[in-house]
Amino acid sequence: FFPKLYRHPEASRRLLDGLTQLIIEYLSQQVVAGAQMLQVFESHAGFLSKPFFDLFCLPYLKAIRSGVRKRLTALDQVQVPMTVFAKDAHYALADLTSSGYEVIGLDWTVPPRAARKIVGNERTLQGNLDPCALYASPERIEELTREMVRDFASGPYIANLGHGMYPDMDPGGLRAFVDAV
């Protein structure tokens, strides 16, 4: 996909415009079906330079947020909070803060205190325990989780992993994480 951004930027924008409209409708229908919160993932942000993120990600993330608001209003649905999670987009935290999302998800590479300095207390932060921590003993998972919670404590946060779990992880590690929170 990335070579196409360079070789065919207009076609890439048309594709992203179409996907944005589909995502807006899909997320809106999730609320109709009972969702009380939505999350938008941008899993490839870390592969993009800041200028390319600004050109090929940020406008679409903003359009999704504003489009969902408009669509929910048209459907006479309640507005729900939305999270944006752009993996490895530490370079864009200020932009994500002004993108309209109520919650900014952090991967495990972003120190919560540093993110809070950029984001402020206007937005909730979500994250960001290193998923590989779940390979540790329950005692170590508890210790790491308490450190994470302490680092988030200066403002509103949602405790979560900094990305997904791996297939070979013991669910007991996740239980230790949840219990520690």
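This is a predicted model: local features need pLDDT of at least 70, side-chain atom pairs count only at pLDDT 80 or more; totals for chains, interfaces and linings use all residues.
## Aromatic pairs

Let's start with the rings: the whole structure contains five aromatic pairs. One of them joins Phe52 and Phe56 in a tilted arrangement, with 5.1 Å from centre to centre and 55 degrees between the planes. The two residues sit four apart in helix α3 (residues 50–56), so about one helical turn separates them. Phe52 and Phe56 are both buried, and ring pairs tie them together with Tyr6 in a cluster.

Phe53 and Tyr91 make an edge-to-face pair, at 5.6 Å centre to centre and 90 degrees between the planes. This pair connects distant parts of the chain, 38 residues apart: Phe53 belongs to helix α3, while Tyr91 lies in the loop between β2 (82–86) and α5. Phe53 is buried because its relative accessibility is 0%, under the 20% cut-off. Tyr91, with a relative accessible area of 26%, is partly exposed.

## Ser99 in its loop

Next, have a look at Ser99, in the loop between α5 (93–97) and β3 (103–105). Its relative accessibility is 6%, so Ser99 counts as buried. The Ser99 side chain comes to 2.5 Å from the backbone oxygen of Leu96. Beyond its neighbours within four places in sequence, Ser99 contacts Leu58, Lys62, Arg65 and Val84.

## The cavity

There is one cavity of 30 Å³ or more in the structure, and the largest cavity holds about 50 Å³ of space. Its lining includes Ala86, Asp88, His90, Leu93, Leu96 and Val110. Sorted by class, the lining residues are six nonpolar, two polar and two charged.

Terms used
Residues are numbered from 1 along each chain as its sequence is written. Side-chain values use heavy atoms; hydrogens and water are left out. On a 1 Å grid over the protein atoms alone, a cavity is a set of points where a 1.4 Å probe fits but cannot get out, and a pocket is an open set with protein on both sides within 12 Å along at least five of seven lines; lining residues have an atom within 4 Å of a point. Grid points are joined across faces, edges and corners, and a volume is the space filled by probe spheres set on the points. Ala, Val, Leu, Ile, Met, Phe, Trp, Tyr, Cys and Pro count as nonpolar, Asp, Glu, Lys and Arg as charged, and the others, Gly among them, as polar. Buried means under 20% relative accessible area, exposed over 50%, partly exposed in between (1.4 Å probe, protein chains only). A polar contact is a pair of N or O atoms within 3.5 Å; within protein, one must be able to donate a hydrogen and the other to accept it, and residues adjacent in sequence count only if both atoms are side-chain atoms. Contact means heavy atoms within 4.5 Å. Rings of Phe, Tyr and Trp (its six-membered ring) pair if their centres lie within 6.5 Å; planes under 30 degrees apart count as stacked, over 60 as edge-to-face and the rest as tilted.
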